[in-house]
Amino acid sequence: MSVEEREPGHFRLLPWTGEQGKPCYVLTDGSGHVSRVADTIEVVQLGMAEDLLGHAAALLADRTTGNVELHSLASRLTESLRDVKRIADSRAMRLGDRGGEHP
């Protein structure tokens, strides 16, 4: 039995933001449509982060990489790290570690 099944009606931090970058939450038992969509998006975001790490390693290994490419890489890595942190915060909240963001 998952944490979500044992604790109906908890807030889940979603893997996307609302207006002005504010966090989005859903009150859920973990089995609803929004939770399933969030699960799917988390899988996609984590896969994209893994792909980006591979790209970063290749780009950084190439000593001819210019400042524009490095700036673009840093921007994408920042976006990806923000997504992965949000996923980690959401999962920590669902495991009972209320140290992350929550309403």
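The legends below describe close-up views of a predicted model.

**View 1. Serine 80 in helix H3.**
Serine 80 lies in helix H3, which covers residues 67-94. The relative accessible area of serine 80 is 13%. Buried means under 20%, so serine 80 counts as buried. Leaving aside residues up to four places away in sequence, serine 80 touches Ala49 and Leu52.

**View 2. Helix H3 from end to end.**
Helix H3 has 28 residues, and at 1.5 Å a residue these should span 40 Å. Which residues of H3 are buried? They are Leu73, Ser80, Arg86, Ile87, Asp89, Ser90, Met93 and Arg94.

**View 3. Alanine 56 in helix H2.**
Alanine 56 is part of helix H2, residues 33-61. Is alanine 56 buried or exposed? The relative accessibility of alanine 56 is 6%; the cut-off for buried is under 20%, and alanine 56 therefore counts as buried. When residues up to four places away in sequence are not counted, alanine 56 touches Leu73 and Leu77. Leu73 is itself among the buried residues of H3.

**View 4. Alanine 56 and leucine 70.**
Along the chain, alanine 56 and leucine 70 are 14 residues apart. Their C-alpha atoms are separated by 9.0 Å.

Conventions
Residues numbered from 1 in each chain as written. Predicted model: local features only at pLDDT ≥ 70, side-chain atom pairs only at ≥ 80, totals over all residues. Heavy atoms only, no water. Helix = DSSP H or I, 4+ residues; strand = E, 2+ residues; numbered from the N terminus. Buried < 20%, exposed > 50% of the residue type's maximum accessible area, 1.4 Å probe, protein only. Contact = heavy atoms within 4.5 Å. Expected span 1.5 Å × (residues − 1).
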